[in-house]
Structures are given as C-alpha cells and as structure tokens.
Amino acid sequence: MSHINLLYLLDPLHFPIFSIMLYFLGAFCIVLFGKNRIVRNCIAFVATGLSLTLLCLLIKPIMIQNAILPYWMGYRVPAGGYAIGIALEVDALSLFFGLLIATAVFVSCLYSFSYMSEDDNEPQYYTLFLMLAGGVMGLVLSGDLFNMFIMVEILTFAAVALTAFRNRVTGALEAAFKYLVVGCIGSTCILAGTIILYQQAHTLNLAQLATIIPLCKGTNISIAFALLFIGFCTKAFIVPFHPLAADAHGAAPAPVSVLISGVLTKSGIYGIIRLAYFLFQTMNLGTMQFWLVFLGSVSMFVCVTMALAQHDFKRLLAFHSISQIGYVLTAIGLATALGASAGLYHAMNHTLFKGLLFLTAGAVLHETGTTDLGKLGGLSKKMPHTTVLFLIGAASISGIPPFNGFASKWLIYQATYEKAAETGNIGFAFVTIVALVTSTLTLASFVKVTQSVFFGQLPKECENAKEVSFGMRFAMGILAVLCTITGLFPNMVQQYLTGPAAKTLFHVSRYINAMMGSGYAESTMGASAPEAATRTIETVGVWNPVNWLMLLMIALLAICIVAIASKYDAVRENKSEKVEAKYSLFYGGEDTVFSQVGGGDLFWGFKHNWRHYFSFMHDLHSGIVNDYSLWAVIALALAMVYALIVL
C-alpha cells in the first residue's frame, strides 16, 4: 500500500502543488524549529532546492511533449455546469515563469546564508522570504482567479515586511509604507475586478472565464478589465508605478531586491498576459497592442533616464529594472509569435542579469557600508571576483554580445521592425529606435557605475574592504554562468523554453479544454472559440554579421537623434549662468589629487543639456505617497476610459 502511495506522490501531476507548498511548509517549519542557524538554513535550502527540482522535472512533459497539467482540489460540478474548487493549471507559460521564480529564489537563498548572517531576527527573515516565494509561485501556477488574488495579498505583505526588515536603514520604513499603500490599491483593484467577473460569470476558474468573458459585452466587463489591468501593473512597477520599485530596492536587503526585481515584476507581467491573451482575448485589437507597446516604450525610456540621474547604486539598478521590464511589455504587446518569444526571453534574462547586479551591489554594501556612488571607487583592487561578476551583469543588461541581453534585445528589435513592415505602421519602427536609444543609455549608465564603484582611486573609507565570502560569490557565479550560457545558445533557449511558452499564448482553446474537457471551448463558445493557430517563430539570426551591420546603422541613427535633441548648449543660451571652472575645459581642472570624475558628474554634459527634462522629472517624483496614490487613481481612470471605449 505504501508503495502505491509513493508512486502516486511521484506522479508529475502533483509537482506543481508540491512546489508551492514546499515554500509555505518551509516557512512554517522555520517558525517552529528555526532558532538554530544550521537547522534554519537547511530548511530554507531544502524547500527552495526541491521546489526548483520539481519544476525542472516538468520541462520534458510540458515544454518538450507539449502537455498541460490540470489539478483540482475539492472539485465538483454543480447542476449549473460551473466548476467549483481550487484549481491549478500548468502550461508552458506557467512553467516558464515558475522556473524563473524558483531559480531566483534558490540563488537568493544561497546568497542570504552569508549576507544575512549578521542581521537580527534571521528566522523572521527566512519565514517572510519563503512566504513571498510561495505567494508568487502560487500566483503563476494557479488556475483560479480568486486564488491568484489570495497569492497577491500574501506576496504583497511579505514584500512590504521585507522592505522594512532593516528598519534602521534610512528610508526603509518610508519605502515600506509607500509600497503598502500603493500595493493595497493594486490588490483592491484585483479584488474588485474579480468580484465583478464572478457576478457576471458565476465562476472563478480561469479556463471557464476564458469561455464566458469574450461573449459578454457591457460596462461591467470593461470596468473589470481596467481594474485587473491596473492591479497587475502595480505589481510589475511599470510607469507610473516605478518609484515604488526604486524606494523598495534602495531599502531592502540585496536578496530581497533580487526577488522584487526578478520575481515580483514577473508576477505582474504574467497577470497582464493572462488577462489580455487568455481571459479577455483582446490582443487581436490594434488598440490593445498600441496600449501595451506604448506603456512599455514609456517605461523603457523614462526609467533609463531616471537611472542616469541617480547617485545611489541600488536605486540606479531599480530604475534599470523597470526599464528592462518595459522591453518585455513592449515585445509582448506586439501580439506576434516572435514578439512573445522575444519578450519572454528578455523576461528570463532580466531575472538573471538583474539578479546578478543586485547581488553585486549587495556585496559592495556588505564590505563598504554604502551604495553612494560618490563615496566609492577602486574596489576592483579589493574585490576582483565581484568586479568580474559585475562586468558580466553590466554587459548582459547593456546588450553586449555574447551575453544574454544582446540575444533577447536583438530579437525585440527584429520583432518591432517586422511588425512595422507587416502592418505598415511606422510607429513600430519608432519603437525600435526607442529600444536602441534605451540600450545605448543603459550602456552609458553602467559605464558610470563601473567607473564610480570599481575603478579609479580607492577612497580611504574603503581601504578595509575585502572580497565577500565564497557562498556569496558562488550564488553570484551561478547567475553569471547562466547569463553567459543563455546568451551563447539562443536557439536552444527558444526551442526548449521561450518558444513553447510563447506559442501557448496563441492556443487558448488548448488551455480551456485541458481543464474543462476536450471540446469544451468549441461547445460553449461556438464560432467565437479562439483558433489554435500554428505560429512559427522565425529569426534572422542573432550571430549573423550582416544583421549586426544593420543593427549598427540603426544604432547610429538612434545616437544621431539623441545628439540632435541635446545640441542646445545651455551656456550659450544663458550667458549669465555661472559655470564651474572644472567644466570650462574638455578635461582637467579638478582640484583633487587624482583625476577621477565623481559618479554624479560623469555625464554632467548630457544631464545639463537635458536639464529641463530632468528638472521636470525631479519635480514629478516628489517622494510623497499621496502623489503616488493619485497617480494610481489617474492611471485607473484612464484605463477605465480606454476599456469603456474599446472593449
């Protein structure tokens, strides 16, 4: 009998629920037995490692064999024919995001063993850490809308608590409060949208909702879409919710920053995909494509320029994080197979290189006690391994070959250009230029960080810095290796990971029928049933030299646009304006012993010429939670107007 039970438990059908419950069970066990550090670390290691292993075991049946795993808990079908009960449904898209989450959580956990060893209340940290991981994993594997809301609540409050964990750090409590207020606005939107859909459809099952919502028209459905959309946007931190990410990243411990950047943002992107592609099936509308591409492009450009103005290492990385999420949203919004694959590819790469960069920032903070770019420098002499790992992450996010950021960005450029050629809409070609400009500014920003933190003169305050522990370097090394491998072998990544996940977006009927039974979508929706059209992903080759030449030409055009926009010299426009003597020459003029440009001055000319823009952005980002709440309300109002007009 025990042999039969063991075989039952080893059925891959149970792996998704096990991967979620391992996190929550680990959090519970740490509360009970976590006073001993060795026991606590073992529990966290086993929970995160086993969850990742179980999801990896699903790659073959789901990614390669194209299976979809439905899982019912307390299932029953009443007389009305509506499914009641908590359900999980794991397709290639769910598994893809689940793998990203599990990888980031496992690496962050390894890093935490050394990084958090000197903090107070370690048991509480790991409890919240695993609760956050379980909440995000439950969201992406759930097949039930209300269950997704429950997981959103869990992850939101765990993230707020972890943001405030080091409450003695300046701004930690304030950042947590802002996150709490705006995060609760987002959660309330998701709850309200869920209630409206339940009132209209009398079910919360995602598969059944996908058969009912497209047939329903009316004000309530439009309002529900707007509420859910804004709710998930707050979790992705896209514009106008990006200041929350900067505040949270600046205050949270480095492993938590990895989860906020690499995990929480993906939960928001996943929610938007499920909403637009599956539940409401609106991606065939040109206006919906424009909406997502526009939001993604604005997030790309605004956040990369905000990053250039930062003087704090972690806040700079935070703005870059949302800028890269803009790439993902833009590609997903194209509603093409290549765009979807490129967007998911970049989502994976973002988790890897941004996680690596935040861990290197944590290593710098751990050894120097500061992330102020003006107080750092020359750390390559003291932390050579961390420097190399940082350079890999910086090259990846900047789109420099052969690392992964180049491969996914190249595919995004191709996808936006092909969309322009296919539709005849020059706006998509402009998006390609925006993406290239953003990539150029990203590279410039990381030149600034590299100069300010790792090269130049070593300040006296940093003379006692040393290389971080092997455990922290090992965790960073895992991400560095993954950044390299996923950049060198883009075809394998597309074949086994992003390709199957992207094709899932255009096979809604399979998702419905896998949960509700064969032929359910066709019988309930009739002619309105979404077609499982075959979508092929064709690339022109990441490593083709001819394509590199084309990319160079477009990049030069992008640089020319930036140069033209920056051509007005404020000194010539205003003769009376006082200019520091050090800026009167192209080089030299510093009074200091060494000739190192400060972190905030490396691109002073660019910021000076764009001073009106940066001044406007400075005034707009007041740091007041009331203003950020008002932004959320305005965004919701605009989304409702759009939904009422278009849907």
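How many aromatic pairs does a search of the whole structure find? The search finds 22 aromatic pairs, where rings of Phe, Tyr and Trp (its six-membered ring) pair if their centres lie within 6.5 Å; planes under 30 degrees apart count as stacked, over 60 as edge-to-face and the rest as tilted. This is a predicted model, in which local features need pLDDT of at least 70 and side-chain atom pairs count only at pLDDT 80 or more, while totals for chains, interfaces and linings use all residues. Residues are numbered from 1 along each chain as its sequence is written, and side-chain values use heavy atoms, with hydrogens and water left out.

One of the pairs joins phenylalanine 229 and tryptophan 291; it is tilted, with 6.1 Å centre to centre and 55 degrees between the planes. Phenylalanine 229 belongs to helix α10 (residues 219–236) and tryptophan 291 to helix α13 (residues 286–308), so the pair ties together parts that are 62 residues apart in sequence. Helices here are DSSP runs of H or I with at least four residues, numbered from the N terminus. Phenylalanine 229 and tryptophan 291 are both buried (under 20% relative accessible area, with a 1.4 Å probe and protein chains only).

Tyrosine 277 and phenylalanine 506 form an edge-to-face pair, at 5.8 Å centre to centre and 90 degrees between the planes. Tyrosine 277 lies in helix α12 (residues 254–279) and phenylalanine 506 in the loop between α20 (490–504) and α21 (508–516), 229 residues apart. Both of these residues, tyrosine 277 and phenylalanine 506, are buried.

Elsewhere, ring pairs link Phe113, Tyr125, Tyr126, Phe129 and Phe165 into a cluster.

Conventions
Helix = DSSP H or I, 4+ residues; strand = E, 2+ residues; numbered from the N terminus. Buried < 20%, exposed > 50% of the residue type's maximum accessible area, 1.4 Å probe, protein only.
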